[in-house]
Amino acid sequence: QSSVTLYGVADLGLVKSNGISAQMTGNGTMNNGNSRLGVRGVEDLGGGLKASFNFEQGINAESGKTDANTFQRAAWLGLSGNFGSVRLGRSLTPSYYGMAAWELTGAANYSAAANQFGFVAAGSRNDSQFAYTTPNFGGFSATVGYIMKPDNGGNAKYDLNVIYANGPIAAALSYNKVKDFKGNASLGGSYDFGVAKIAASWQDGYKGGKGIAGEQKQSGFTIGGTVPVGAFSVTLDIARDTKAKDTDVVVEGKYALSKRTFAYAAYYKDGEKKLTTGAKNHLGLGIRHNF
Amino acid sequence: QSSVTLYGVADLGLVKSNGISAQMTGNGTMNNGNSRLGVRGVEDLGGGLKASFNFEQGINAESGKTDANTFQRAAWLGLSGNFGSVRLGRSLTPSYYGMAAWELTGAANYSAAANQFGFVAAGSRNDSQFAYTTPNFGGFSATVGYIMKPDNGGNAKYDLNVIYANGPIAAALSYNKVKDFKGNASLGGSYDFGVAKIAASWQDGYKGGKGIAGEQKQSGFTIGGTVPVGAFSVTLDIARDTKAKDTDVVVEGKYALSKRTFAYAAYYKDGEKKLTTGAKNHLGLGIRHNF
Amino acid sequence: QSSVTLYGVADLGLVKSNGISAQMTGNGTMNNGNSRLGVRGVEDLGGGLKASFNFEQGINAESGKTDANTFQRAAWLGLSGNFGSVRLGRSLTPSYYGMAAWELTGAANYSAAANQFGFVAAGSRNDSQFAYTTPNFGGFSATVGYIMKPDNGGNAKYDLNVIYANGPIAAALSYNKVKDFKGNASLGGSYDFGVAKIAASWQDGYKGGKGIAGEQKQSGFTIGGTVPVGAFSVTLDIARDTKAKDTDVVVEGKYALSKRTFAYAAYYKDGEKKLTTGAKNHLGLGIRHNF
């Protein structure tokens, strides 16, 4: 038995940043997400064992342009069974999945947590990654990622998370470390009260990696909440880098047109003090269609 | 409810231009169309509202090469309903749709109208385009396209058509204008007598845009006809630039192997007087398969 | 009637070459095959005539990178019927199909025959190829490929095979020649005894083409066998270049997890005497999933 699914996202909007004329935006900070086209599949190998794969390419829907490494969004092969799952190839990092477990905007392009702190001070994906995820034990699961030395510029990388997700609670510890550099960590959680969901996290790390030219210590927290009202929801999230005294704020409104399609409006305030390029305030308005 | 469709075109042929050895051709002037691979879908949002998207990449089937902006043929997201439809992203221009309404070869690569006058003195697609199409009123519909200033090199672009299509009649007015430059216009129509379909158009504009270095005034007309005989059809189309005293002629024969697959033969005569590169006479022979 | 199929391969492994640290491998010599994503289809045109096409892109699943000519693995359009079949575009060569008819590893990336002798001293694919394949006559079929002069750098190329495949026997003569250069040839065959399959070939040609700077005469043979034991199989293949006194050896073990998915381990010994770059011994371990 097997199945292959063609899926993707089309997301386009309008952005107005202070000092810059309004314009269309695809794959920008004020889009909910990047447009994409992917193929994924699962094969049942019997005995509880399954093979799965995913290839996914990003598309800037303003121009049709794809990324330099075309399928950089996902290119992996996995096996899963009672032992958990292993995944080889280009994939989202364990740190990403840790952050996504509690982050309020669904790791949107305009996520305050991700724009301020990265995905635990790193990018969202690793090339050449071996990842092992444990089975789910009463809500607990953990993933360990490893990139071998020759596949990471001569310096092995470790990336891991421990996630607890059970009913209204989600919490995750994320950690990543390139061998010769200092590690980066994040601890976050969310609680869904029904009338509102709140989330908070603590973040500590070095953007670009401690010891690398241009290293940037980041240390701080995020706090926010989402209030759903029928098909509508409003989110406020604040990401404060206490070291850099830099507070980023996002306010997001989403209106569900269906289970797969929604309109969104977002305001982003970048608190960066030494901002030399780019604007500090951004307003975005768009539509995202998942197919 | 939703649906995702994988579709495309495979088109390959043989071309012989005077002074040049015969060779295979993919995505050339003497192909009927460019090979392509696309994904499109529609989601019913309820209340008459629909979301739709289209991603389409071109493929030169001689080598498998794609375009620099991979999905440059189409990358858009749309909403449609009783109000008409809106479309955001990379898309065919309203001027293109206007011309395609009456053009006899189906806007083939060897279209005399398109090779002589462009798609109303412009390319066939716009990046970052907002487009609104009215509902159909007794055969009448209109589309307005708009590209914001920062998305068009600092100069907003307008692009529009008014199309009348009803039974044997099709007629369209097309117009496009980059803000600081002179506009381009075309008015064309066709009538299908059954035994033959005839089409004619008037064209006026500036290739490259009035005032831009290398601007080229173009002004003229097209006239032609198609005669179907069972699975076979023959088209003759003439495009005369009265300003440049340049007459292009295409003769096309098509033989339908099925509803989706046909063989074609075409002869193209380029009347360009100051032609410094390329040949004046081209013969093409090929097969196009739509899937 | 028509059908469009989305298919592909995900193949990732681990490689250890002597003198180089172990690392992940996608699309490397020690992978079974390159990861890929393709679309193919067939349309029944009636009267026994069929149209078919294939577009296939390679993906390095370590990074998601595709090839420079994206769909370089396949981009062709074909017609088939009682007369046989014709195929136009970018495609595997007749010489490739000839070698693949008897080669023991399924033309794996670590094929000793292919690494030592190429696909009859040439690459595995041609751009702009016209190919005609005869119907099958009692196990015999032949394919002639032709690339016109302007499509092959000013020098037409011929490529052909004659294949006999019937029950346990497979044998093929392959030949290719660029007009102004010396031709390359291969004759090989295999016999499947059930408990074991053996294969041998004779090879003669010039890598890069006789007369071209850096030409390299190659002349020799391959001999090997495969022993299947239930879901497991072991292959040993030896490729000896008698001119260069260079013997390459591959030992491959495969374990079928399903009809479409298998694990593999392979050892490759490169006998190249003047090897100035790269390692002589390689060990690979991986999983290949066909979807």
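How many residue pairs are in polar contact across the interface of chain B and chain C? The rule finds nine of them, counting pairs where both residues are at pLDDT 80 or more. That cut-off is there because this is a predicted model, so keep in mind that everything below was computed from a prediction.

Together the two chains bury about 2400 Å², and 71% of that is on carbon and sulfur atoms.

There is also a charged pairing here. Side chains of opposite charge can pair when their charged atoms come close. Across the interface of chain B and chain C, the rule finds one salt bridge. Its partners are C:E43 and B:R260, and their closest N and O atoms are 3.7 Å apart.

**Where chain A meets chain C**

Now look at the other contact, between chain A and chain C. Here 29 residues come from chain A and 29 residues from chain C. The buried area is about 2400 Å², with carbon and sulfur atoms giving 71% of it. Which three residues of chain A supply more of its buried area than any other three? They are A:F55, A:F71 and A:L77, which supply 24% of the area that chain A buries against chain C.

The rule finds one salt bridge across this interface, formed by the side chains of A:E43 and C:R260 at 3.7 Å, N to O. On the chain A side, β1 (2-17), β3, β4 (49-60), β6 (74-81), β7 (84-92) and β8 (125-133) each supply at least two residues. By class, this side of chain A divides into 17 nonpolar, eight polar and four charged residues.

**Salt bridges in the whole structure**

Over all chains, a search finds 14 salt bridges. One of the pairs you can look up is A:D127 with A:R90, whose side chains meet at 2.9 Å, N to O. Why is this pair worth a look? A:D127 lies in strand β8 of chain A and A:R90 in strand β7 of chain A, so the pair ties together parts that are 37 residues apart in sequence.

| C:E43 | B:R260 | 3.7 Å |

What about the gaps? The search of the whole structure finds one cavity of 30 Å³ or more. The largest cavity has a volume of about 170 Å³. Its lining has 19 residues, and those nearest its centre are A:L37, B:L37, B:Q57, C:L37 and C:Q57. The strands that each supply at least two lining residues are β3 (36-46) of chain A, β3 of chain B, and both β3 (36-46) and β4 (49-60) of chain C. The cavity lining has 13 nonpolar residues, six polar ones and no charged ones.

The largest pocket has a volume of about 1100 Å³. It is lined by 49 residues, with A:R36, A:R73, A:Y96, A:G106 and A:A107 nearest its centre.

Conventions. Residues numbered from 1 in each chain as written. Chains lettered and ligands numbered in written order. Predicted model: local features only at pLDDT ≥ 70, side-chain atom pairs only at ≥ 80, totals over all residues. Heavy atoms only, no water. Buried area = accessible area lost by both parts, 1.4 Å probe. Salt bridge = Lys/Arg side-chain N within 4 Å of Asp/Glu carboxyl O. Polar contact = N/O pair within 3.5 Å; in protein donor to acceptor, adjacent residues only side chain to side chain. 1 Å grid on protein atoms, 1.4 Å probe; cavity = no way out; pocket = protein on both sides within 12 Å on 5 of 7 lines; lining within 4 Å. Points joined across faces, edges and corners; volume = space filled by probe spheres on them. Helix = DSSP H or I, 4+ residues; strand = E, 2+ residues; numbered from the N terminus. Nonpolar A, V, L, I, M, F, W, Y, C, P; charged D, E, K, R; others polar. Contact = heavy atoms within 4.5 Å.
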